[in-house]
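Me: I want to go through this model and ask what stands behind each label. Here it is.

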Amino acid sequence: MKEIIKIENLSKFFELHNLGKYIKACQNISFTLHEGEFIGITGKSGSGKSTILKCIYRTYLPKGGCIWYRSKLYGVINLAKASDRQIIHLRKKEIGYVSQFLNVMPRTTAREIVQKAVLDIGYDIDYAKEEAENMLSHFELDQELWDTYPNTFSGGEKLRLNIASAMVKKPRLLLLDEPTASLDNESKKLVKVLLEKLKAKGTSMIGIFHDLEFMEGVCDREFNMKTGNFTV
Amino acid sequence: MYDKEQPILTIKNLRKQFGKGCTICRDLDDKNIQKNFCPVCQTVYACRDVSFELYPAEILGVVGESGSGKSTLMKCLYFDQDVTSGEAYIQGYKNSNANIFTETSQQKKYIRNHLFGMVYQNPYLGLRMNFSSVGNIAEKLIGAGSRNVGFMTGRAQELLGNVNIPIYRMKEAPKNFSGGMQQRVQIAKALSNNPPILLLDEVTTGLDLSVQANVLDLIKKIQRDLKISMLVVSHDLSVIRILADRTIVMLNGKIIEQGLTDQILEDPQHPYTQQLVHSLL
């Protein structure tokens, strides 16, 4: 299998100028993710798990190291140094990010949120509508909610919408930042089934889960932040 | 129509100063001027070597404190003020290699009427308050060479309808409108010639929250439907978070940081940007 992500000595620290403080978030992280593989990252709170995902998604600017990504758009590219424009294109077309929080444009309906993700890739509105409806049904989001604003949704509904808008793009790489943290077991099972389906279609994933045992059967390898090594 | 991978607007080293400068402030390195004002000769350095690129269909946010040069930048681009020095190029205009700042006033008028739309913070700057709303839009169309009354009326009604001005109020003068309606008429006027670039200067400042939301939704809709490139100036980070793909941060006339909007908000690098982000209520 080809490598899709190769992280070499990734380091990130925050320099808080106004407080005169230096906070180390993660240091010398190295690992490789292959195409179609699912890596789970484990470690205690504050160990830098989310920082790694945010550095890959470039919400954080890495301070050291390289994040080599084999993209369809640009070939092999270092995400740590890629231009803002390249990152915007990759986010729209290849890399998805799901957190436990739904962060969307206010006053936008669930249907519009999922549709927008398809439109961003460049498809026409008819295809976007069809795909959005398929995805919302697939995630068992009550049809009555499709044309309402998500601020009235329950935690589980928000999360399913969040994952739907990330998955509808059929990303090559999906970053999952504790997406099941606030979910009941039934909702977690639903997420697991969907992740299995995505994986079967070839999406590579890096995920952070508090209860990684729940992801048994989906997760291929586990990267431990404390040891800096993998357990299979 | 436009090459999406090439900037639609390129700004290089734009400088704008009010005053001639003196030996003290002129000889100083820009980094050494803590404020953009010389206490000896009273010169204000409003924009100092501002360089950036705006891409087709992109919304670029510009944030910074009051007096950081955001509005001056917009006024320079719209030729309301002459730049002291600098270059600006528009994709497709004279093979993309004509510096618009050094063009003749006739050409500047053409650029203003065909390539830029401008929405000011103060509607009194962008609208003729005693003309009807339709008349305001017709004025812009006449400036661009239109002479057909039927076409102009139809176009004005279409645009005003798109920004939710009721048909029975279209012939009313904007002086009778609320702040939010005036901003919407300004937006309609700015869009009348289908400009590829829209300049929005603090368009939601001073409006109450629900009206702000309407204006922001409208801007987002315009961008989605018409794929216009927008330069959005605001000191409100929430507005920038909602609208902008990338963001520029200005301080004392200089760009101190630029990047992806979520990166600027979650991982700001410059001390001032950190202070700004941490000031969010």
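Me: Where in chain B is B:R48 placed?
Reply: This is a predicted model. B:R48 sits in strand β2 of chain B, residues 44-54.

Me: Why is B:R48 called buried?
Reply: Its relative accessibility is 2%. Buried means under 20%. The value of 2% falls under that cut-off, so B:R48 counts as buried.

Me: What does the side chain of B:R48 reach?
Reply: The backbone oxygen of B:N252, at 2.9 Å. A polar contact needs N or O atoms within 3.5 Å. The 2.9 Å distance is within that limit.

Me: How far apart are B:R48 and B:K140 in sequence and in space?
Reply: They are 92 residues apart in sequence. In space, 32 Å separates them, C-alpha to C-alpha.

Me: Now chain A. Which strand holds A:D177?
Reply: Strand β7 of chain A, residues 173-177.

Me: Why does A:D177 have no salt bridge?
Reply: The nearest side chain of opposite charge is A:K54, 5.2 Å away. A salt bridge requires the nitrogen and the carboxyl oxygen to be within 4 Å.

Me: Which side chains make polar contacts with the side chain of A:D177?
Reply: A:S50 is one, at 3.0 Å. A:Y97 is another, also at 3.0 Å. Both residues are on the list of those A:D177 touches, which also includes A:L53, A:V98 and A:I208.

Me: What makes A:K12 and B:D267 a salt bridge?
Reply: Their closest N and O atoms are 2.6 Å apart. The limit is 4 Å. The distance is within it, so the pair qualifies. Across the interface of chain B and chain A, five salt bridges are found. Residue pairs in polar contact number eleven there.

Me: What area is buried between chain B and chain A?
Reply: About 2,000 Å², with 50% from carbon and sulfur atoms. In chain B, the residues losing the most area to chain A are B:L260, B:E266 and B:D267. Together they make up 25% of what that side buries.

How values were computed: Residues are numbered from 1 along each chain as its sequence is written. Chains are lettered from A and ligands numbered from 1 in the order in which they are written. This is a predicted model: local features need pLDDT of at least 70, side-chain atom pairs count only at pLDDT 80 or more; totals for chains, interfaces and linings use all residues. Side-chain values use heavy atoms; hydrogens and water are left out. Buried area is the accessible area (1.4 Å probe) that two parts lose on being put together, summed over both. A polar contact is a pair of N or O atoms within 3.5 Å; within protein, one must be able to donate a hydrogen and the other to accept it, and residues adjacent in sequence count only if both atoms are side-chain atoms. Helices (H or I, at least four residues) and strands (E, at least two) are DSSP runs, numbered from the N terminus. Buried means under 20% relative accessible area, exposed over 50%, partly exposed in between (1.4 Å probe, protein chains only). Lys and Arg count as positive and Asp and Glu as negative; His and the chain ends are not counted. Contact means heavy atoms within 4.5 Å. Lists of a residue's contacts leave out its neighbours within four places in sequence.
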